Amino acid sequence: MAVPAEMNSSASRWGEVYPRWIWFKAGRPVPPALAIVPASLVAVVLVPAGLMMLGNPTIQDSWGIGLPSVLWTLWGIALGAAAITYHLRRRGACRHCRQGTFSAGSG
């Protein structure tokens with residue numbers, strides 16, 4: 001089954017342009033910091049929280065709570081990597097040499 005062109009193009013621009021259901025911002029470019037800053041902050045909090053649970057000696061007593069908390073480390077690393085790659089994809093061209101990719105809002 002083929003995907004209609006309008007659905008495919010909107011999926012590929014997710015995170016770059018506000019969707020049409022946000023009526024007061026529809027079609028405008030999303031500022032990269034709107035995603036990068038919160039994702040970076042959460043990643044910075046998740047990694048140490050997961051590592052603290054990993055070093056917790058009482059994890060054997062309450063493994064039902066402690067063991068899933070160890071996965072916060074992996075989640076924080078994955079979220080940090082996603083924030084970095086999103087930043088690299090949206091950073092735009094270099095102001096000095098004009099090399100690199102252009103962001104969705106620059107034309």
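Predicted model: local features only at pLDDT ≥ 70, side-chain atom pairs only at ≥ 80, totals over all residues.
Biologist: How many helices and strands does the protein have, and what pattern do they follow?

Modeller: The protein has three helices and zero strands, and its pattern along the sequence reads α-α-α.

Biologist: Is Leu71 buried or exposed?

Modeller: Buried means under 20% relative accessible area, exposed means over 50%, and partly exposed lies in between (1.4 Å probe, protein chains only). Leu71 has 51% relative accessibility and therefore counts as exposed. The C-alpha atom of Leu71 is separated by 9.2 Å from that of Leu54, and these two residues are 17 apart along the chain. Ala49, in contrast, is found in helix α2 and counts as buried because its relative accessibility is 17%. Between the C-alpha atoms of Ala49 and Gly76, 27 residues apart along the chain, the separation is 9.3 Å. Of the 107 residues in the protein, 23% are buried.

Biologist: How many salt bridges are counted, and which side chains meet?

Modeller: Side chains of opposite charge can pair when their charged atoms come close. The rule asks for a side-chain nitrogen of Lys or Arg within 4 Å of a carboxyl oxygen of Asp or Glu. The count here is one salt bridge, in which the side chains of Glu16 and Arg89 meet at 2.5 Å, N to O. Glu16 lies in the loop between α1 and α2 and Arg89 in helix α3, so the pair ties together parts that are 73 residues apart in sequence. Glu16 is buried, because its relative accessible area is 14%, whereas Arg89 is partly exposed at 40%.

Biologist: How many aromatic pairs are counted, and how are the rings set?

Modeller: A pair of aromatic rings is described by the distance of the centres and the angle of the planes. Rings of Phe, Tyr and Trp (its six-membered ring) pair if their centres lie within 6.5 Å; planes under 30 degrees apart are stacked, over 60 edge-to-face, and the rest tilted. This rule gives one aromatic pair. The ring centres of Trp23 and Phe24 are 5.4 Å apart and the planes stand at 80°, so the pair is edge-to-face. Both Trp23 and Phe24 are exposed.

Biologist: Which residues line the second largest pocket?

Modeller: On a 1 Å grid over the protein atoms alone, a pocket is an open set of points where a 1.4 Å probe fits, with protein on both sides within 12 Å along at least five of seven lines; lining residues have an atom within 4 Å of a point. The second largest pocket is lined by 18 residues, and Trp14, Gly15, Val30, Ala35 and Tyr86 lie nearest its centre. Two or more lining residues come from each of α2 (33-54) and α3 (63-90). Helix α3 gives the most, with six residues.

Definitions and conventions: Residues numbered from 1 in each chain as written. Heavy atoms only, no water. Helix = DSSP H or I, 4+ residues; strand = E, 2+ residues; numbered from the N terminus.
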